[in-house]
Amino acid sequence: MAPSVLSVRDDALAVLERLGVPASVHAQDGLPARSPIGGEVIATLRPTSRDEAAAAIGRAAEAFAVWRAVPAPRRGELVRLFGEELRAHKADLGRLVTLEAGKILSEGLGEVQEMIDICDFAVGLSRQLHGLTIATERPEHRMMEVWHPLGVCGVISAFNFPVAVWAWNAALALVCGDPVVWKPSEKTPLTALATHALLERALARFGAAPAGLAAVLIGGRDLGEDLVADPRVALVSATGSTAMGRHVAPKLAARFARAILELGGNNAAIVAPSADLDLALRAIAFSAMGTAGQRCTTLRRLFVHESVYDALLPRLKAAYGSVRIGDPRDPATLIGPLIDNAAADGMARALDEARAIGATVHGGERLRDIRGEVAAYVRPALVEMPEQAGPMRRETFAPILYVTRYRDLDGAIAAQNAVAAGLSSSIFTGDLREAELFVSAAGSDCGIANVNIGPSGAEIGGAFGGEKETGGGRESGSDAWKGYMRRATNTINYGRTLPLAQGVSFEV
Ligand code: NAD
(Lines give C-alpha, C1' and ligand atoms only; values in the text may rest on other atoms or scores of the structure.)
Protein backbone atom coordinates (compact mmCIF):
# COMPACT_ATOMS: atom_id res chain seq x y z
CA MET A 1 0.00 0.00 0.00
CA ALA A 2 1.30 3.45 -0.83
CA PRO A 3 2.44 5.51 2.12
CA SER A 4 0.03 8.38 2.71
CA VAL A 5 0.98 11.51 4.56
CA LEU A 6 -2.50 12.04 5.93
CA SER A 7 -4.93 9.57 7.44
CA VAL A 8 -8.05 9.03 5.34
CA ARG A 9 -10.03 11.07 7.85
CA ASP A 10 -7.64 14.03 7.90
CA ASP A 11 -7.32 13.86 4.12
CA ALA A 12 -11.11 14.01 3.75
CA LEU A 13 -11.56 16.77 6.32
CA ALA A 14 -8.92 18.88 4.57
CA VAL A 15 -10.66 18.38 1.21
CA LEU A 16 -14.04 19.25 2.74
CA GLU A 17 -12.63 22.46 4.16
CA ARG A 18 -11.12 23.44 0.81
CA LEU A 19 -14.45 22.74 -0.90
CA GLY A 20 -16.24 24.96 1.60
CA VAL A 21 -18.42 22.42 3.37
CA PRO A 22 -19.50 24.26 6.51
CA ALA A 23 -18.37 22.82 9.83
CA SER A 24 -21.96 23.17 11.04
CA VAL A 25 -22.89 19.97 9.20
CA HIS A 26 -20.91 17.98 11.76
CA ALA A 27 -22.76 16.65 14.79
CA GLN A 28 -21.96 14.54 17.82
CA ASP A 29 -24.55 11.78 17.47
CA GLY A 30 -25.43 12.05 13.83
CA LEU A 31 -25.09 9.99 10.71
CA PRO A 32 -21.61 8.46 10.39
CA ALA A 33 -19.84 9.00 7.08
CA ARG A 34 -17.44 6.11 6.60
CA SER A 35 -14.59 5.49 4.23
CA PRO A 36 -14.46 2.00 2.75
CA ILE A 37 -10.67 2.36 2.50
CA GLY A 38 -10.18 1.41 6.13
CA GLY A 39 -13.76 1.34 7.41
CA GLU A 40 -13.13 4.41 9.55
CA VAL A 41 -15.67 7.12 10.36
CA ILE A 42 -14.58 10.33 8.62
CA ALA A 43 -17.26 12.58 10.02
CA THR A 44 -20.54 12.48 11.88
CA LEU A 45 -23.20 14.51 10.18
CA ARG A 46 -26.35 16.21 11.32
CA PRO A 47 -29.14 14.43 9.45
CA THR A 48 -31.91 16.43 7.78
CA SER A 49 -35.11 16.03 9.77
CA ARG A 50 -38.31 15.11 7.97
CA ASP A 51 -39.73 18.55 8.78
CA GLU A 52 -36.64 20.17 7.26
CA ALA A 53 -37.02 17.97 4.18
CA ALA A 54 -40.66 19.03 3.80
CA ALA A 55 -39.62 22.67 4.18
CA ALA A 56 -36.91 22.25 1.54
CA ILE A 57 -39.48 20.79 -0.86
CA GLY A 58 -41.76 23.72 -0.08
CA ARG A 59 -38.98 26.23 -0.85
CA ALA A 60 -38.22 24.37 -4.08
CA ALA A 61 -41.90 24.58 -5.08
CA GLU A 62 -41.80 28.34 -4.49
CA ALA A 63 -38.56 28.62 -6.44
CA PHE A 64 -40.20 26.86 -9.37
CA ALA A 65 -42.66 29.72 -9.89
CA VAL A 66 -39.69 32.06 -10.39
CA TRP A 67 -37.20 29.78 -12.13
CA ARG A 68 -39.59 28.58 -14.84
CA ALA A 69 -39.95 32.19 -16.02
CA VAL A 70 -36.19 32.74 -16.34
CA PRO A 71 -35.21 32.31 -20.02
CA ALA A 72 -33.62 28.91 -20.58
CA PRO A 73 -30.28 30.27 -21.92
CA ARG A 74 -30.02 32.33 -18.74
CA ARG A 75 -30.70 29.20 -16.70
CA GLY A 76 -27.89 27.64 -18.70
CA GLU A 77 -25.58 30.36 -17.40
CA LEU A 78 -26.00 28.99 -13.86
CA VAL A 79 -25.01 25.53 -15.07
CA ARG A 80 -22.05 27.03 -16.94
CA LEU A 81 -20.84 28.65 -13.71
CA PHE A 82 -21.31 25.37 -11.86
CA GLY A 83 -19.23 23.62 -14.52
CA GLU A 84 -16.51 26.20 -13.92
CA GLU A 85 -16.54 25.44 -10.20
CA LEU A 86 -16.25 21.74 -10.97
CA ARG A 87 -13.30 22.36 -13.30
CA ALA A 88 -11.56 24.43 -10.65
CA HIS A 89 -12.15 21.84 -7.91
CA LYS A 90 -11.96 18.64 -9.93
CA ALA A 91 -8.92 17.31 -8.08
CA ASP A 92 -10.47 17.82 -4.63
CA LEU A 93 -13.93 16.50 -5.45
CA GLY A 94 -12.45 13.53 -7.31
CA ARG A 95 -10.26 12.74 -4.30
CA LEU A 96 -13.27 12.91 -2.01
CA VAL A 97 -15.06 10.38 -4.24
CA THR A 98 -12.04 8.12 -3.76
CA LEU A 99 -12.01 8.64 -0.01
CA GLU A 100 -15.74 8.17 0.52
CA ALA A 101 -16.74 5.66 -2.18
CA GLY A 102 -13.40 3.82 -2.49
CA LYS A 103 -13.01 4.33 -6.25
CA ILE A 104 -9.47 4.46 -7.58
CA LEU A 105 -8.15 7.98 -8.17
CA SER A 106 -8.60 8.01 -11.94
CA GLU A 107 -12.21 6.90 -11.53
CA GLY A 108 -12.85 9.51 -8.86
CA LEU A 109 -11.55 12.17 -11.23
CA GLY A 110 -13.44 10.56 -14.12
CA GLU A 111 -16.66 10.90 -12.18
CA VAL A 112 -16.11 14.64 -11.79
CA GLN A 113 -15.18 14.90 -15.48
CA GLU A 114 -18.53 13.33 -16.26
CA MET A 115 -20.20 16.09 -14.22
CA ILE A 116 -18.28 18.71 -16.19
CA ASP A 117 -19.26 17.05 -19.47
CA ILE A 118 -22.96 17.04 -18.61
CA CYS A 119 -22.76 20.70 -17.59
CA ASP A 120 -21.27 21.55 -21.00
CA PHE A 121 -23.98 19.50 -22.69
CA ALA A 122 -26.73 21.18 -20.64
CA VAL A 123 -25.43 24.67 -21.38
CA GLY A 124 -25.71 24.02 -25.12
CA LEU A 125 -29.07 22.40 -24.58
CA SER A 126 -30.35 25.52 -22.83
CA ARG A 127 -30.58 27.11 -26.30
CA GLN A 128 -32.07 24.01 -27.92
CA LEU A 129 -35.13 23.03 -25.85
CA HIS A 130 -37.15 23.04 -29.01
CA GLY A 131 -40.56 21.76 -30.00
CA LEU A 132 -42.18 21.20 -33.39
CA THR A 133 -44.46 22.98 -35.76
CA ILE A 134 -46.92 20.42 -37.11
CA ALA A 135 -49.06 20.61 -40.27
CA THR A 136 -52.68 21.26 -39.41
CA GLU A 137 -55.70 20.24 -41.49
CA ARG A 138 -57.47 23.55 -40.74
CA PRO A 139 -56.89 26.68 -42.85
CA GLU A 140 -55.45 29.77 -41.13
CA HIS A 141 -54.37 27.70 -38.16
CA ARG A 142 -51.00 26.83 -36.73
CA MET A 143 -50.28 23.81 -34.56
CA MET A 144 -47.16 23.55 -32.49
CA GLU A 145 -45.65 21.64 -29.65
CA VAL A 146 -43.76 23.44 -26.88
CA TRP A 147 -41.84 22.21 -23.88
CA HIS A 148 -42.37 23.85 -20.50
CA PRO A 149 -40.61 23.35 -17.16
CA LEU A 150 -42.18 20.47 -15.22
CA GLY A 151 -41.81 21.26 -11.53
CA VAL A 152 -39.70 20.15 -8.58
CA CYS A 153 -37.37 17.31 -9.52
CA GLY A 154 -36.42 14.88 -6.74
CA VAL A 155 -33.18 12.98 -7.24
CA ILE A 156 -32.44 9.80 -5.27
CA SER A 157 -28.95 8.48 -5.92
CA ALA A 158 -26.87 5.38 -5.18
CA PHE A 159 -23.46 5.14 -3.50
CA ASN A 160 -21.51 3.90 -6.49
CA PHE A 161 -21.78 7.08 -8.57
CA PRO A 162 -22.18 9.40 -5.61
CA VAL A 163 -22.07 12.67 -7.57
CA ALA A 164 -22.19 12.04 -11.35
CA VAL A 165 -25.72 10.61 -11.33
CA TRP A 166 -27.02 13.68 -9.51
CA ALA A 167 -25.24 15.89 -12.07
CA TRP A 168 -26.78 14.00 -15.00
CA ASN A 169 -30.16 14.88 -13.56
CA ALA A 170 -29.51 18.26 -12.00
CA ALA A 171 -27.73 19.88 -14.96
CA LEU A 172 -30.63 18.99 -17.25
CA ALA A 173 -33.35 19.75 -14.69
CA LEU A 174 -31.92 23.20 -13.95
CA VAL A 175 -31.73 24.27 -17.61
CA CYS A 176 -35.21 22.79 -18.13
CA GLY A 177 -36.53 25.11 -15.41
CA ASP A 178 -36.92 22.63 -12.55
CA PRO A 179 -35.64 23.06 -8.97
CA VAL A 180 -33.79 20.00 -7.66
CA VAL A 181 -34.05 18.32 -4.26
CA TRP A 182 -31.42 15.62 -3.80
CA LYS A 183 -31.45 12.61 -1.49
CA PRO A 184 -27.96 11.11 -1.92
CA SER A 185 -27.00 7.67 -0.68
CA GLU A 186 -26.60 7.48 3.08
CA LYS A 187 -23.25 5.79 2.31
CA THR A 188 -21.86 8.87 0.54
CA PRO A 189 -23.15 12.06 2.20
CA LEU A 190 -19.83 13.93 2.15
CA THR A 191 -19.43 14.03 -1.62
CA ALA A 192 -23.03 15.23 -1.81
CA LEU A 193 -22.38 18.05 0.63
CA ALA A 194 -19.21 19.01 -1.22
CA THR A 195 -21.05 19.06 -4.55
CA HIS A 196 -23.80 21.16 -3.03
CA ALA A 197 -21.20 23.59 -1.67
CA LEU A 198 -19.80 24.02 -5.20
CA LEU A 199 -23.30 24.60 -6.56
CA GLU A 200 -23.86 27.23 -3.88
CA ARG A 201 -20.72 29.04 -5.07
CA ALA A 202 -22.11 29.03 -8.60
CA LEU A 203 -25.48 30.25 -7.29
CA ALA A 204 -23.76 33.09 -5.43
CA ARG A 205 -21.91 34.13 -8.59
CA PHE A 206 -25.11 33.84 -10.65
CA GLY A 207 -26.80 36.12 -8.15
CA ALA A 208 -30.41 36.10 -9.23
CA ALA A 209 -31.55 32.52 -8.64
CA PRO A 210 -34.50 32.02 -6.29
CA ALA A 211 -33.75 30.67 -2.80
CA GLY A 212 -34.51 26.98 -2.53
CA LEU A 213 -33.63 26.18 -6.14
CA ALA A 214 -31.37 23.33 -5.03
CA ALA A 215 -31.35 21.39 -1.78
CA VAL A 216 -29.65 18.32 -0.38
CA LEU A 217 -31.26 16.06 2.21
CA ILE A 218 -28.83 14.13 4.38
CA GLY A 219 -30.22 10.89 5.72
CA GLY A 220 -31.61 7.50 4.94
CA ARG A 221 -34.37 5.88 3.00
CA ASP A 222 -37.15 7.66 4.93
CA LEU A 223 -36.16 10.96 3.31
CA GLY A 224 -36.27 9.28 -0.09
CA GLU A 225 -39.74 8.01 0.75
CA ASP A 226 -40.81 11.55 1.66
CA LEU A 227 -39.62 12.83 -1.72
CA VAL A 228 -41.55 10.07 -3.45
CA ALA A 229 -44.73 10.74 -1.48
CA ASP A 230 -44.78 14.54 -1.69
CA PRO A 231 -47.32 15.83 -4.22
CA ARG A 232 -45.20 18.97 -4.70
CA VAL A 233 -42.49 16.83 -6.32
CA ALA A 234 -43.46 16.45 -9.99
CA LEU A 235 -40.68 14.08 -11.00
CA VAL A 236 -38.52 11.62 -9.09
CA SER A 237 -35.39 10.32 -10.73
CA ALA A 238 -34.32 7.34 -8.64
CA THR A 239 -31.07 5.46 -9.13
CA GLY A 240 -30.37 2.33 -7.13
CA SER A 241 -31.31 -1.29 -6.76
CA THR A 242 -34.31 -2.88 -8.43
CA ALA A 243 -35.57 -3.60 -4.89
CA MET A 244 -35.67 0.15 -4.27
CA GLY A 245 -37.44 0.70 -7.61
CA ARG A 246 -40.12 -1.80 -6.62
CA HIS A 247 -40.99 0.39 -3.64
CA VAL A 248 -40.72 3.69 -5.43
CA ALA A 249 -42.42 2.98 -8.77
CA PRO A 250 -45.93 2.05 -7.53
CA LYS A 251 -45.98 5.02 -5.14
CA LEU A 252 -45.14 7.43 -7.93
CA ALA A 253 -47.64 5.76 -10.24
CA ALA A 254 -50.35 6.02 -7.56
CA ARG A 255 -50.07 9.80 -7.59
CA PHE A 256 -49.39 9.97 -11.36
CA ALA A 257 -45.97 11.56 -10.79
CA ARG A 258 -43.27 11.35 -13.43
CA ALA A 259 -40.59 8.70 -12.75
CA ILE A 260 -37.13 8.14 -14.16
CA LEU A 261 -35.96 4.79 -12.80
CA GLU A 262 -32.32 3.75 -13.19
CA LEU A 263 -32.08 0.39 -11.44
CA GLY A 264 -29.94 -2.72 -11.34
CA GLY A 265 -28.20 -4.40 -14.26
CA ASN A 266 -26.99 -7.92 -15.07
CA ASN A 267 -24.88 -7.04 -18.06
CA ALA A 268 -23.43 -9.49 -20.53
CA ALA A 269 -20.90 -9.74 -23.32
CA ILE A 270 -20.58 -12.25 -26.12
CA VAL A 271 -17.16 -13.21 -27.49
CA ALA A 272 -17.60 -14.51 -31.02
CA PRO A 273 -15.14 -16.71 -32.98
CA SER A 274 -13.87 -13.72 -35.00
CA ALA A 275 -13.29 -11.49 -31.95
CA ASP A 276 -10.01 -9.64 -31.50
CA LEU A 277 -9.08 -11.44 -28.29
CA ASP A 278 -6.46 -8.90 -27.20
CA LEU A 279 -8.99 -6.12 -27.38
CA ALA A 280 -11.73 -8.27 -25.83
CA LEU A 281 -9.48 -9.24 -22.92
CA ARG A 282 -8.78 -5.62 -21.99
CA ALA A 283 -12.41 -4.62 -22.37
CA ILE A 284 -13.61 -7.56 -20.28
CA ALA A 285 -11.04 -6.90 -17.55
CA PHE A 286 -12.05 -3.24 -17.25
CA SER A 287 -15.78 -3.86 -17.50
CA ALA A 288 -15.85 -6.75 -15.04
CA MET A 289 -13.23 -5.75 -12.46
CA GLY A 290 -13.19 -1.94 -12.73
CA THR A 291 -14.78 -0.03 -9.84
CA ALA A 292 -14.49 -3.36 -7.98
CA GLY A 293 -17.53 -4.60 -9.89
CA GLN A 294 -19.68 -1.85 -8.40
CA ARG A 295 -21.02 -0.19 -11.54
CA CYS A 296 -24.57 -0.63 -12.69
CA THR A 297 -23.03 -1.42 -16.08
CA THR A 298 -20.39 -3.83 -14.73
CA LEU A 299 -19.92 -6.89 -16.91
CA ARG A 300 -21.33 -9.84 -14.96
CA ARG A 301 -21.99 -12.54 -17.58
CA LEU A 302 -19.71 -13.65 -20.40
CA PHE A 303 -20.74 -15.98 -23.23
CA VAL A 304 -17.66 -17.23 -25.07
CA HIS A 305 -17.86 -19.20 -28.30
CA GLU A 306 -16.61 -22.73 -27.76
CA SER A 307 -13.95 -22.30 -30.48
CA VAL A 308 -12.17 -19.49 -28.58
CA TYR A 309 -13.00 -20.43 -24.98
CA ASP A 310 -9.76 -22.28 -24.34
CA ALA A 311 -7.73 -19.45 -25.86
CA LEU A 312 -9.41 -16.71 -23.83
CA LEU A 313 -9.93 -18.29 -20.43
CA PRO A 314 -6.28 -18.81 -19.41
CA ARG A 315 -5.55 -15.18 -20.28
CA LEU A 316 -8.53 -13.97 -18.28
CA LYS A 317 -7.50 -16.13 -15.33
CA ALA A 318 -4.03 -14.60 -15.46
CA ALA A 319 -5.50 -11.09 -15.48
CA TYR A 320 -7.74 -11.94 -12.51
CA GLY A 321 -4.81 -13.42 -10.62
CA SER A 322 -2.46 -10.50 -11.14
CA VAL A 323 -4.65 -7.36 -10.91
CA ARG A 324 -3.47 -4.87 -8.26
CA ILE A 325 -5.92 -4.63 -5.37
CA GLY A 326 -5.48 -2.21 -2.50
CA ASP A 327 -5.73 1.35 -1.26
CA PRO A 328 -7.49 3.29 -4.01
CA ARG A 329 -5.31 6.34 -3.25
CA ASP A 330 -2.29 4.45 -4.57
CA PRO A 331 -2.00 5.26 -8.31
CA ALA A 332 -0.85 1.68 -8.98
CA THR A 333 -4.08 0.21 -7.59
CA LEU A 334 -6.70 -0.92 -10.09
CA ILE A 335 -9.23 -2.34 -7.64
CA GLY A 336 -10.20 -0.65 -4.41
CA PRO A 337 -12.46 -1.91 -1.63
CA LEU A 338 -16.11 -2.88 -1.73
CA ILE A 339 -18.35 -0.33 -0.09
CA ASP A 340 -18.86 -2.37 3.10
CA ASN A 341 -18.84 -5.79 4.74
CA ALA A 342 -22.40 -6.51 3.61
CA ALA A 343 -21.23 -6.28 0.00
CA ALA A 344 -18.42 -8.78 0.66
CA ASP A 345 -20.84 -11.13 2.44
CA GLY A 346 -23.23 -10.94 -0.52
CA MET A 347 -20.38 -11.82 -2.85
CA ALA A 348 -19.35 -14.82 -0.71
CA ARG A 349 -22.94 -16.09 -0.67
CA ALA A 350 -23.28 -15.84 -4.45
CA LEU A 351 -20.00 -17.76 -4.93
CA ASP A 352 -21.15 -20.51 -2.53
CA GLU A 353 -24.38 -20.79 -4.50
CA ALA A 354 -22.45 -21.06 -7.74
CA ARG A 355 -20.16 -23.77 -6.35
CA ALA A 356 -23.20 -25.72 -5.18
CA ILE A 357 -24.46 -25.94 -8.76
CA GLY A 358 -21.17 -27.10 -10.20
CA ALA A 359 -19.27 -23.89 -10.95
CA THR A 360 -15.49 -23.58 -10.79
CA VAL A 361 -14.54 -20.40 -8.95
CA HIS A 362 -11.19 -18.68 -9.53
CA GLY A 363 -10.39 -15.96 -6.97
CA GLY A 364 -13.17 -14.30 -5.02
CA GLU A 365 -11.49 -14.56 -1.63
CA ARG A 366 -11.64 -11.84 1.02
CA LEU A 367 -8.23 -10.15 1.37
CA ARG A 368 -8.11 -9.66 5.10
CA ASP A 369 -4.42 -8.77 5.07
CA ILE A 370 -5.15 -5.39 3.47
CA ARG A 371 -7.25 -3.81 6.21
CA GLY A 372 -8.31 -6.70 8.42
CA GLU A 373 -11.97 -7.03 9.29
CA VAL A 374 -13.06 -3.43 8.99
CA ALA A 375 -12.62 -2.90 5.26
CA ALA A 376 -13.88 -5.19 2.52
CA TYR A 377 -11.15 -5.93 -0.03
CA VAL A 378 -11.75 -8.95 -2.26
CA ARG A 379 -10.05 -10.59 -5.18
CA PRO A 380 -12.42 -10.43 -8.17
CA ALA A 381 -13.95 -13.79 -9.01
CA LEU A 382 -13.98 -15.50 -12.37
CA VAL A 383 -16.61 -18.23 -12.26
CA GLU A 384 -16.83 -20.94 -14.92
CA MET A 385 -20.47 -22.02 -15.08
CA PRO A 386 -21.75 -25.22 -16.70
CA GLU A 387 -24.76 -23.16 -17.87
CA GLN A 388 -26.54 -19.89 -17.06
CA ALA A 389 -28.20 -20.70 -13.74
CA GLY A 390 -28.45 -19.75 -10.06
CA PRO A 391 -26.69 -16.50 -9.07
CA MET A 392 -25.71 -15.83 -12.69
CA ARG A 393 -29.31 -14.85 -13.31
CA ARG A 394 -29.29 -11.91 -10.88
CA GLU A 395 -27.15 -8.91 -10.01
CA THR A 396 -24.70 -9.30 -7.11
CA PHE A 397 -23.09 -5.90 -6.64
CA ALA A 398 -19.50 -7.17 -6.46
CA PRO A 399 -16.75 -8.23 -8.90
CA ILE A 400 -18.03 -11.63 -10.04
CA LEU A 401 -17.82 -12.58 -13.71
CA TYR A 402 -19.73 -15.73 -14.66
CA VAL A 403 -18.47 -17.36 -17.85
CA THR A 404 -20.08 -19.98 -19.99
CA ARG A 405 -19.60 -21.43 -23.49
CA TYR A 406 -21.94 -21.03 -26.40
CA ARG A 407 -22.32 -22.76 -29.73
CA ASP A 408 -24.64 -20.60 -31.87
CA LEU A 409 -25.14 -16.86 -31.72
CA ASP A 410 -28.94 -16.96 -31.61
CA GLY A 411 -28.69 -19.12 -28.50
CA ALA A 412 -26.16 -16.75 -26.92
CA ILE A 413 -28.33 -13.70 -27.60
CA ALA A 414 -31.35 -15.53 -26.20
CA ALA A 415 -29.40 -16.44 -23.07
CA GLN A 416 -28.13 -12.88 -22.73
CA ASN A 417 -31.70 -11.58 -22.88
CA ALA A 418 -33.08 -14.26 -20.55
CA VAL A 419 -32.54 -12.30 -17.32
CA ALA A 420 -34.74 -9.77 -15.58
CA ALA A 421 -32.48 -6.72 -16.01
CA GLY A 422 -31.90 -4.97 -19.33
CA LEU A 423 -29.23 -2.32 -18.88
CA SER A 424 -26.07 -2.92 -20.92
CA SER A 425 -24.56 -5.48 -23.26
CA SER A 426 -21.88 -5.99 -25.87
CA ILE A 427 -20.52 -8.29 -28.50
CA PHE A 428 -16.91 -8.79 -29.57
CA THR A 429 -16.83 -9.81 -33.21
CA GLY A 430 -15.14 -9.03 -36.52
CA ASP A 431 -18.17 -10.29 -38.41
CA LEU A 432 -20.40 -7.49 -39.70
CA ARG A 433 -23.45 -9.72 -39.84
CA GLU A 434 -23.07 -10.74 -36.20
CA ALA A 435 -22.53 -7.16 -35.10
CA GLU A 436 -25.58 -5.90 -36.97
CA LEU A 437 -27.75 -8.74 -35.68
CA PHE A 438 -26.70 -7.96 -32.14
CA VAL A 439 -27.73 -4.29 -32.36
CA SER A 440 -30.90 -5.06 -34.37
CA ALA A 441 -34.44 -5.43 -33.02
CA ALA A 442 -33.83 -9.19 -32.86
CA GLY A 443 -30.58 -8.71 -30.92
CA SER A 444 -29.80 -7.40 -27.46
CA ASP A 445 -32.88 -6.24 -25.51
CA CYS A 446 -30.85 -3.80 -23.40
CA GLY A 447 -30.86 0.00 -23.30
CA ILE A 448 -27.18 -0.10 -24.24
CA ALA A 449 -25.79 -2.49 -26.87
CA ASN A 450 -22.13 -2.10 -27.86
CA VAL A 451 -19.84 -3.67 -30.43
CA ASN A 452 -16.18 -4.26 -29.62
CA ILE A 453 -16.23 -2.29 -26.42
CA GLY A 454 -17.38 -3.53 -23.03
CA PRO A 455 -20.78 -2.77 -21.51
CA SER A 456 -19.49 -0.27 -18.96
CA GLY A 457 -18.24 3.29 -19.35
CA ALA A 458 -20.99 5.21 -21.12
CA GLU A 459 -20.51 8.76 -22.43
CA ILE A 460 -22.92 11.53 -21.51
CA GLY A 461 -23.87 12.28 -25.15
CA GLY A 462 -26.11 9.23 -25.41
CA ALA A 463 -29.29 8.58 -23.47
CA PHE A 464 -28.43 6.33 -20.54
CA GLY A 465 -30.72 3.70 -19.06
CA GLY A 466 -32.12 0.24 -19.47
CA GLU A 467 -35.21 -1.85 -20.03
CA LYS A 468 -37.20 -4.40 -18.03
CA GLU A 469 -36.25 -4.46 -14.33
CA THR A 470 -33.65 -1.76 -14.93
CA GLY A 471 -36.65 0.55 -14.90
CA GLY A 472 -36.94 2.02 -18.41
CA GLY A 473 -35.67 5.51 -17.51
CA ARG A 474 -33.30 7.57 -19.63
CA GLU A 475 -30.90 10.20 -18.36
CA SER A 476 -28.09 12.32 -19.66
CA GLY A 477 -27.73 12.89 -23.42
CA SER A 478 -29.81 12.63 -26.60
CA ASP A 479 -33.38 13.79 -25.86
CA ALA A 480 -33.42 12.66 -22.22
CA TRP A 481 -34.12 16.32 -21.35
CA LYS A 482 -37.72 15.79 -22.40
CA GLY A 483 -38.20 13.74 -19.23
CA TYR A 484 -37.71 16.92 -17.20
CA MET A 485 -40.27 19.02 -19.08
CA ARG A 486 -43.95 18.89 -19.90
CA ARG A 487 -45.20 19.00 -23.46
CA ALA A 488 -48.04 21.24 -24.57
CA THR A 489 -49.72 21.12 -27.97
CA ASN A 490 -51.03 24.53 -29.05
CA THR A 491 -53.42 25.16 -31.92
CA ILE A 492 -53.80 28.80 -32.91
CA ASN A 493 -56.56 30.12 -35.16
CA TYR A 494 -55.49 33.33 -36.87
CA GLY A 495 -58.51 33.43 -39.22
CA ARG A 496 -62.07 34.61 -38.76
CA THR A 497 -63.86 31.28 -39.22
CA LEU A 498 -64.01 28.23 -37.01
CA PRO A 499 -63.42 25.09 -39.08
CA LEU A 500 -63.69 22.06 -36.81
CA ALA A 501 -61.32 19.14 -37.01
CA GLN A 502 -62.37 15.98 -38.87
CA GLY A 503 -64.92 18.05 -40.82
CA VAL A 504 -67.36 18.06 -37.90
CA SER A 505 -70.25 20.52 -38.34
CA PHE A 506 -71.75 22.18 -35.25
CA GLU A 507 -73.75 25.30 -36.14
CA VAL A 508 -75.50 27.05 -33.27
P1 NAD B 1 -29.96 1.21 -2.96
O2 NAD B 1 -31.17 0.79 -3.70
O3 NAD B 1 -29.65 0.51 -1.69
O4 NAD B 1 -30.07 2.77 -2.58
C5 NAD B 1 -30.16 3.76 -3.57
C6 NAD B 1 -30.83 4.99 -3.00
O7 NAD B 1 -32.21 4.72 -2.79
C8 NAD B 1 -30.29 5.47 -1.65
O9 NAD B 1 -30.22 6.88 -1.65
C10 NAD B 1 -31.34 4.97 -0.67
O11 NAD B 1 -31.40 5.74 0.52
C12 NAD B 1 -32.60 5.14 -1.48
N13 NAD B 1 -33.72 4.28 -1.11
C14 NAD B 1 -33.69 2.98 -0.74
N15 NAD B 1 -34.93 2.51 -0.55
C16 NAD B 1 -35.79 3.54 -0.81
C17 NAD B 1 -37.20 3.68 -0.78
N18 NAD B 1 -38.01 2.66 -0.45
N19 NAD B 1 -37.74 4.87 -1.11
C20 NAD B 1 -36.95 5.91 -1.46
N21 NAD B 1 -35.59 5.84 -1.49
C22 NAD B 1 -35.02 4.66 -1.16
O23 NAD B 1 -28.73 1.11 -3.98
P24 NAD B 1 -27.16 1.21 -3.69
O25 NAD B 1 -26.71 0.00 -2.95
O26 NAD B 1 -26.80 2.55 -3.16
O27 NAD B 1 -26.59 1.16 -5.20
C28 NAD B 1 -26.37 -0.01 -5.91
C29 NAD B 1 -27.50 -0.34 -6.86
O30 NAD B 1 -27.79 0.79 -7.70
C31 NAD B 1 -27.17 -1.47 -7.82
O32 NAD B 1 -28.30 -2.29 -7.97
C33 NAD B 1 -26.83 -0.75 -9.12
O34 NAD B 1 -26.99 -1.54 -10.27
C35 NAD B 1 -27.81 0.38 -9.07
N36 NAD B 1 -27.39 1.50 -9.91
C37 NAD B 1 -28.06 1.70 -11.07
C38 NAD B 1 -27.66 2.72 -11.94
C39 NAD B 1 -28.35 2.95 -13.23
O40 NAD B 1 -28.16 4.01 -13.82
N41 NAD B 1 -29.16 2.04 -13.74
C42 NAD B 1 -26.58 3.54 -11.58
C43 NAD B 1 -25.93 3.31 -10.37
C44 NAD B 1 -26.35 2.28 -9.55
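## The annotated active site

Glu262 carries the UniProt annotation "active site", taken from an unreviewed entry. UniProt positions follow the numbering used here, feature names are shortened, and annotations may be inferred rather than shown by experiment. The model is predicted: local features need pLDDT of at least 70, side-chain atom pairs count only at pLDDT 80 or more, and totals for chains, interfaces and linings use all residues. Residues are numbered from 1 along each chain as its sequence is written.

Glutamate 262 sits in strand β9 (residues 258-262). Helices (H or I, at least four residues) and strands (E, at least two) are DSSP runs, numbered from the N terminus. Is glutamate 262 buried or exposed? Glutamate 262 is buried, because 30 other C-beta atoms lie within 10 Å. The cut-offs are 20 or more such atoms within 10 Å for buried, 12 or fewer for exposed, and in between for partly exposed, with C-beta atoms placed from the backbone. Beyond its neighbours within four places in sequence, glutamate 262 is in contact with Thr239, Gly465, Gly471, Gly473 and Glu475. Contact means that two C-beta atoms, placed from the backbone, lie within 7 Å.

## Around the ligand

The ligand is surrounded by 30 residues, and Glu262 is among the closest, with Ala158, Gly224, Gly240 and Cys296. A residue counts as near when its C-beta atom, placed from the backbone, lies within 6 Å of the molecule or strand. Helices α8 (221-229) and α9 (242-254) each supply at least two residues of this shell. The largest share, four residues, comes from α8.

The shell has 12 nonpolar, 12 polar and six charged residues. Here Ala, Val, Leu, Ile, Met, Phe, Trp, Tyr, Cys and Pro count as nonpolar, Asp, Glu, Lys and Arg as charged, and the others, Gly among them, as polar.

## Two domains

Domain 1 covers 47-263 + 471-488, and domain 2 covers 267-462. These bounds come from an automatic or database domain assignment. Each domain gives at least three residues to the shell around the ligand. The domain centres, taken over C-alpha atoms, are 31 Å apart.

Where the domains meet, 17 residues of domain 1 are in contact with 14 residues of domain 2. Helix α5 (residues 105-125) gives the most to the domain 1 side, with six residues. That side has six nonpolar, six polar and five charged residues.

## Leucine 382

Leucine 382 lies in strand β13 (residues 381-384). Leucine 382 is buried, because 25 other C-beta atoms lie within 10 Å. Histidine 362 is 20 residues away along the chain, yet the two C-alpha atoms are separated by 5.1 Å. Leaving aside neighbours within four places in sequence, the contacts of leucine 382 include His362, Gly363, Leu401 and Val403.
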